[in-house]
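Q: Hey, I'm new to this one. Can you walk me through it?

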Amino acid sequence: MGVWKAIDIPRPRAEMATENSSPTISVAVEYASVNFRDALIGFGKLDREDAIKGYGRSGSGFGLDFGGYCLREDADRSPRMKVIGLGRDCMGNQLHEQPKYLCWELDNDADLEAYATVPCAYATAYYALCARGRLHADCRVLVHCGTGGVGLAALHICRRRLANPDLQLFVTC
């Protein structure tokens, strides 16, 4: 029933290609989200030099996730499929050399505007729960603020990975 289709399955960490050697695509960006880091920098509450650099390493750009169209490699550069993904400096009209393993194909009837904020929220929840928290079927999980983007993503992940989420999952709003 979901609208996600993986473009490329990431290789295990030990075999992960370096950033410069992984397959890339070009994306015509239709929507890019402003995350909390971007808002703090924009309002002058967080200095760019002190901001967490993350994937972009420079901290200079805005936008970590996007929704758009994968561009063909041929000369006419016409759009062919809807994609969402994580990137750096996504506030623009095109992303060049976007790693394929950070993009996911959407169904043609999916709303790009609605899905543009999904990658960063799910990546944050997945990293916290699975990579750092070592989530397994017998865990008990408290999701604080389960009504925000990361909270809803955490609920979705937990409901699929816990043995009995009705008894193991606790949420605040």
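Q: Where does the model come from?
A: This is a predicted model, where local features need pLDDT of at least 70, side-chain atom pairs count only at pLDDT 80 or more, and totals for chains, interfaces and linings use all residues. Residues are numbered from 1 along each chain as its sequence is written, and side-chain values use heavy atoms, leaving out hydrogens and water.

Q: OK, how many helices and strands are in the chain?
A: Five helices and eight strands. Along the sequence the pattern reads β-β-α-β-β-β-β-α-α-β-α-α-β.

Q: And what percentage of the chain's residues count as buried?
A: 37% of the 173 residues.

Q: Back to β3, which way does β2 run against β3?
A: Strand β2 (residues 24-32) and β3 run antiparallel, joined by five bridges. Two strands pair if DSSP finds at least two bridges between them. A32 sits opposite F66 in β3, and V29 has G68 of β3 as its bridge partner.

Q: What about β2 and β5, how many bridges there?
A: Four bridges, and β2 pairs with strand β5 (residues 94-99) in the antiparallel sense. T24 stands opposite P99 in β5.

Q: Switching to helices: at what angle do α3 and α4 cross?
A: Roughly 55°, with the axes of helix α3 (residues 118-132) and helix α4 (residues 149-161) coming within 8 Å. Axes are lines fitted to C-alpha atoms, for helices over the stretch in contact, and angles run from 0 to 180 degrees between N-to-C directions. α3 and α4 are therefore oblique to each other. Angles under 35 degrees count as roughly parallel, over 145 as roughly antiparallel, 65 to 115 as roughly perpendicular, and the rest as oblique.

Q: Which residues make that contact?
A: On α3 they include Y122, Y126 and L129, and on α4 they include V150, I157 and R161. Contact means heavy atoms within 4.5 Å.

Note on methods: Helix = DSSP H or I, 4+ residues; strand = E, 2+ residues; numbered from the N terminus. Buried < 20%, exposed > 50% of the residue type's maximum accessible area, 1.4 Å probe, protein only.
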